[in-house]
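Me: I am new to this structure, and I would like to learn how to read its features one at a time. Could you take me through them with care?

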Amino acid sequence: MTQTVAVLGTGKIGEALLSGMIRAGWRPANLLVTTRRAERAEDLRNRYGVESVGNAEAAKNADILILAVKPQDMGTLLDELAPHLTADRLVISAAAGITTAFIEDRLPSGTPVVRVMPNTPVLVDEGMSVLSAGSHATGDHLATTEEIFGGVGKTLRVPESQQDAATALSGSGPAYFYFLVEAMTDAGILLGLPRAQAHDLIVQAAIGAAVMLRDSGEHPVKLREAVTSPAGTTISAIRELENHGVRAALIAALEAARDRSRELASGQG
């Protein structure tokens with residue numbers, strides 16, 4: 001952890017990575033940040049003891065650059081970084097839909113690039129970050145990236161051809177669960193429960209189910225069947241979900257998210 005890491009674009013995801021690295025043992029003296037606003041830079045300096053620099057200075061001084069800007073800002077950022085980078089720097093992109101080829105084409109030849117799709121639970125150290133190596137990135141580069149993102153959750157390596165599917169499933173995934181909790185809370189209100197109680201019941205059910213899925217090793221079908229008694233309440237609910245095409249709707253939703261990720265990757269903003 002003696003290398004210098006710069007987080008370029010320290011919004012929520014960038015700050016979560018910064019916080020995770022410090023908890024994992026990275027020294028603030030080895031961490032740099034870039035921000036658009038002076039007050040944001042001051043806030044990060046006071047909170048984490050890190051130095052705020054310009055993009056060009058980060059490119060000159062950091063061994064590892066984490067690009068955490070919005071996808072539409074990536075081209076401009078790369079044009080600003082390119083004159084100051086050498087091909088021995090590791091560049092990690094956390095921007096949705098931006099391919100490693102897009103980045104490599106705008107940086108010095110041979111620059112190792114790793115593409116990462118984190119999701120928002122990195123904010124509570126329960127994220128999933130999906131990693132893909134560019135054409136010049138090695139196993140060591142992937143291991144370094146895993147070390148950084150492992151501080152805020154789990155990591156998974158996939159071929160870049162699977163990144164759009166991973167984005168649909170994992171990157172956007174938390175939103176689907178929030179949507180489901182919202183709908184189930186409304187159902188609880190319809191059934192006569194106060195909103196706060198309905199919310200608490202659903203959230204704890206979601207947490208408990210997730211832990212059981214993670215820790216039991218059982219297939220979700222088996223876990224569901226354990227709750228589903230013959231002629232009981234659960235099977236009646238499951239029948240209505242199937243009658244309303246919920247399974248098919250979820251599949252179609254993930255396909256739509258994957259297709260949108262492909263559009264972003266091809267520059268169709």
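Reply: Let us begin with packing, where contact means heavy atoms within 4.5 Å, and helices (H or I, at least four residues) and strands (E, at least two) are DSSP runs numbered from the N terminus. Here the buried residues of H7 pack against strand E6 (113-117), strand E7 (127-133), H8 and H12. This is a predicted model, in which local features need pLDDT of at least 70 and side-chain atom pairs count only at pLDDT 80 or more, while totals for chains, interfaces and linings use all residues. Residues are numbered from 1 along each chain as its sequence is written, and side-chain values use heavy atoms, with hydrogens and water left out.

Me: Which residues in H7 are buried?

Reply: Buried means under 20% relative accessible area, exposed over 50%, and partly exposed in between (1.4 Å probe, protein chains only). In H7 the buried residues are Gln 163, Asp 164, Ala 166, Thr 167, Ala 168 and Ser 170.

Me: Which residues of H7 and H8 meet?

Reply: Ala 168, Leu 169, Ser 170 and Gly 171 of H7 meet Gly 173, Pro 174 and Tyr 176 of H8.

Me: Why does Gly 208 count as partly exposed?

Reply: Gly 208 lies in helix H9 (residues 195-216), and it counts as partly exposed because its relative accessibility is 27%.

Me: Where is Leu 250 found?

Reply: Leu 250 belongs to helix H12 (residues 246-265), and with a relative accessible area of 47% Leu 250 is partly exposed.
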